[in-house]
Amino acid sequence: MGEMLGTVEVLRRYPVKGLLGEEIPAVDVAATGLTGDRGLALVDAETGKVASPKNPRVWRGMLALSAAIDSGGVRVSLPDGESVRAGDPHVDEVLSRALGRKVTLTSTPPEKAALERAVPEEVLSEGVTARVTVQESVLGAGSPPGTFFDYAPLHLVTTSAIAAAGVEAVRYRPNLVIRTAGEGYVENGWAGAEVAVGEEVVLRVTVPTPRCAVPTLEHGALPRDTSALRTPAAHNLVEPLPGYGPRPCVGVYAEVLRPGRITSGDQVRLLD
């Protein structure tokens with residue numbers, strides 16, 4: 001084992017892509033990420049694209065809904081206290097009514113699955129209800145086929161980066177929040193490295209995570225906070241991939257080299 005990077009402070013998964021998720025004490029990890037993470041998604045009946053609050057004018061209401069896994073499977077909770085389970089015959093009707101747009105809850109990505117991503121700088125300047133430039137983003141370039149991940153199956157954020165950004169970690173939708181001792185966006189330097197988490201899991205950190213407008217939006221009871229994007233834009237512009245150009249980044253993506261189990265409190269170490 002090499003350098004000690006930190007410890008796992010929080011584990012989170014998001015059973016339905018784009019909805020609020022749940023904190024969990026431990027979880028099994030496979031090549032497809034944390035068990036149950038982004039296993040389901042909503043597909044817009046009109047466009048055939050995966051619904052995502054990355055296009056906040058249309059889908060910011062998704063962040064008022066939350067999904068969790070219990071002994072009965074995935075349950076989606078609505079702001080009014082109503083809940084519905086994946087697999088219930090009326091689940092699409094309930095979720096469509098809640099979001100004001102006809103959607104289908106599915107575990108199977110559409111062919112060439114894509115979502116719409118509003119240009120975040122325009123969202124900041126024009127507001128969440130404005131019609132801004134929307135780009136199509138293909139899912140899962142760094143993930144196993146058949147998944148709903150934006151890029152890679154795991155997303156890591158350090159407490160150092162969260163302190164630098166000055167907002168709540170949940171806004172960046174991480175799988176692992178890693179308690180670190182350094183200052184600033186320390187995980188930028190992990191790109192390309194292999195890290196061990198606990199006794200079993202080995203990850204390869206791939207690229208810094210470019211941020212969209214989502215962290216700035218309301219998240220359940222959390223109000224809108226544009227500093228979640230403005231601060232890293234001012235202090236952590238990084239080119240995540242060659243030719244991509246500098247983008248405001250918080251956190252890093254990772255792929256799974258060796259599966260196993262992760263528990264809150266596990267050590268995270270750089271492999272020699």
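Below are questions and answers about the terms used for this model.

Q: What kind of model is this, and which pLDDT limits apply?
A: This is a predicted model, in which local features need pLDDT of at least 70 and side-chain atom pairs count only at pLDDT 80 or more, while totals for chains, interfaces and linings use all residues. Residues are numbered from 1 along each chain as its sequence is written, and side-chain values use heavy atoms, with hydrogens and water left out.

Q: Why is Thr216 called buried?
A: Buried means under 20% relative accessible area, exposed means over 50%, and partly exposed lies in between (1.4 Å probe, protein chains only). Thr216 has a relative accessible area of 0%, so it is buried. Thr216 sits in the loop between β15 and α5 (227–235); helices (H or I, at least four residues) and strands (E, at least two) are DSSP runs, numbered from the N terminus.

Q: Which residues does Thr216 touch, not counting residues up to four places away in sequence?
A: They are Leu124, Arg171, Arg224, Asp225, Thr226, Ala228 and Leu229. A contact here means heavy atoms within 4.5 Å.

Q: Why does Lys112 count as exposed?
A: Lys112 has 73% relative accessibility, so it counts as exposed. Lys112 is found in the loop between β9 and β10. Its phi is positive, about 50 degrees, although Lys112 is not a glycine.

Q: Is Arg38 buried or exposed?
A: Arg38 has a relative accessible area of 12%, and therefore it is buried. Arg38 belongs to the loop between β4 (33–34) and β5, and its phi is a positive value near 50 degrees in a residue other than glycine.

Q: What makes a set of residues a nonpolar core?
A: A nonpolar core is a set of buried Ala, Val, Leu, Ile, Met, Phe, Trp, Tyr and Cys residues joined through side-chain atoms within 4.5 Å. The largest one here has 22 residues, and those with the most contacts inside it are Val29, Leu154, Leu156, Leu176, Val197, Leu203 and Ile262. Two or more residues come from each of β1 (4–13), β3 (26–30), β12 (154–158), β13 (176–179), β14 (194–197), β15 (201–210) and β17 (247–258). A second, separate core has 19 residues, among them Leu19, Leu40, Ala67 and Val84.

Q: Where do the contacts of Val29 lie, leaving aside its neighbours within four places in sequence?
A: Val29 is in contact with Leu34, Leu154, Val201, Val256, Pro259, Gly260 and Ile262.

Q: Why is the aromatic pair of Tyr151 and Tyr253 called tilted?
A: Rings of Phe, Tyr and Trp (its six-membered ring) pair if their centres lie within 6.5 Å; planes under 30 degrees apart count as stacked, over 60 as edge-to-face, and the rest as tilted. For Tyr151 and Tyr253, the centres are 5.3 Å apart and the planes are at 40 degrees, so the pair is tilted. The structure holds one aromatic pair. Tyr151 is in the loop between β11 and β12 and Tyr253 in strand β17, 102 residues apart. Tyr253 counts as buried because its relative accessibility is 11%.

Q: What makes a space a pocket, and what makes it a cavity?
A: On a 1 Å grid over the protein atoms alone, a cavity is a set of points where a 1.4 Å probe fits but cannot get out, and a pocket is an open set with protein on both sides within 12 Å along at least five of seven lines; lining residues have an atom within 4 Å of a point. Grid points are joined across faces, edges and corners, and a volume is the space filled by probe spheres set on the points.

Q: How many residues line the largest pocket, and which are the closest to its centre?
A: The largest pocket holds about 700 Å³ of space. It is lined by 36 residues, and Lys54, Asp150, Tyr151, Pro210 and Tyr253 are the closest to its centre.

Q: Which residues line the largest cavity?
A: Asp44, Thr47, Lys49, Val50, Ala51, Ser52, Trp59 and Glu116 do. This cavity has about 50 Å³ of space, and a search of the whole structure finds one cavity of 30 Å³ or more.
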